[in-house]
Amino acid sequence: MTIFYDTIGLSGFVSSWVGPLQESHDASPETGSGALFGFLGIPAKVRQELGEDEILKLVIDQLVRLFGPEAQNVSTILYKDWAKDSETAVEEDLDPLRDFPSYGQPPKAGIWDKKIIFAGTETNSQFGGHLEGALQSAEKAVVEIVNLNDSF
């Protein structure tokens, strides 16, 4: 969503267990309008009950609480509910997560050993399902690749 970041020089991210956005991240370019992206912490069933218009109102309200009245000046909001996408979600995804999922790495023994490196939020044992898990997983994969290249 486009808001006021470029005019007052803010940058960063917000993590919140109160309000619809659980994570909000600055995605602003160096020049031009500011932008945020975020992840909702509202369970899929509740999102369905509230509807998109009400959720977007709650998002704006949360941004105003966090950043002040300037946050009401949103020019565009792009909303995607992945739980409604039959290619990415199943019925079980409608139930809320109670904790960070702990997926971990798939087994590498046998044919896959040193031939494939898995990376993604699902492979992180501490922050599975969250952006931080994806970032940590990517860092670990880079280290593995560098170490593999050093051994050749």
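Modeller: Happy to. Keep in mind that this is a predicted model. The second largest pocket has a volume of about 250 Å³.

Colleague: Which residues lie nearest the centre of the second largest pocket?

Modeller: Phe13, Ser15, Glu23, His25 and Glu132 do, out of 13 residues in the lining. Strand 1 (13-15), strand 2 (21-26) and helix 4 (131-150) are the elements that each give two or more residues to that lining.

Colleague: And how does the lining of the second largest pocket split by class?

Modeller: There are 6 nonpolar, 5 polar and 2 charged residues in the lining.

Colleague: Thanks. Let's turn to the strands. How do strand 1 and strand 2 pair?

Modeller: They pair in the antiparallel sense, over 3 bridges.

Colleague: What about strand 2 and strand 3, how many bridges do they have?

Modeller: Strand 2 and strand 3 (residues 36-40) have 5 bridges, again in an antiparallel pairing. Ser24 has Gly38 of strand 3 as its bridge partner, and Glu23 stands opposite Phe39 in strand 3.

Colleague: In what order do the strands sit in the sheet?

Modeller: The order is 1-2-3, in an open sheet of 3 strands with antiparallel pairing. Strand 1 and strand 3 stand at the edges with a single partner strand each, so one side of each has no neighbour in the sheet. On average, neighbouring strands of this sheet are turned by 15° against each other, direction ignored.

Colleague: Which helix packs on the sheet?

Modeller: That is helix 3 (residues 52-67), which touches strand 1, strand 2 and strand 3. The direction of helix 3 makes about 115° with that of strand 3.

Colleague: Why is strand 2 described as largely enclosed?

Modeller: Because 5 of the 6 residues of strand 2 are buried, the strand is largely enclosed by the rest of the structure. Buried here is a relative accessible area under 20%.

Colleague: Good, new topic. Where is Asp93?

Modeller: Asp93 is in the loop between helix 3 and helix 4. Its relative accessibility is 41%, so Asp93 counts as partly exposed.

Colleague: Which residues is Asp93 in contact with, leaving aside its neighbours within four places in sequence?

Modeller: Those are Ala44 and Thr88. As for distances, the C-alpha atoms of Asp93 and Trp82 are separated by 9.5 Å, and the two residues are 11 residues apart along the chain.

Colleague: Let's finish with the overall picture. How many helices and strands are there in the protein?

Modeller: The protein has 4 helices and 3 strands. Starting at the N terminus, the elements run α-β-β-β-α-α-α.

Colleague: What share of the protein's residues count as buried?

Modeller: Of its 152 residues, 26% count as buried. On the contact side, take those with a separation of 6 or more: residues 24 or more positions apart account for 46% of them.

Notes
Residues numbered from 1 in each chain as written. Predicted model: local features only at pLDDT ≥ 70, side-chain atom pairs only at ≥ 80, totals over all residues. Heavy atoms only, no water. 1 Å grid on protein atoms, 1.4 Å probe; cavity = no way out; pocket = protein on both sides within 12 Å on 5 of 7 lines; lining within 4 Å. Points joined across faces, edges and corners; volume = space filled by probe spheres on them. Nonpolar A, V, L, I, M, F, W, Y, C, P; charged D, E, K, R; others polar. Buried < 20%, exposed > 50% of the residue type's maximum accessible area, 1.4 Å probe, protein only. Pairing = 2+ DSSP bridges. Axes fitted to C-alpha atoms, helices over the stretch in contact; angles between N-to-C directions. Contact = heavy atoms within 4.5 Å.
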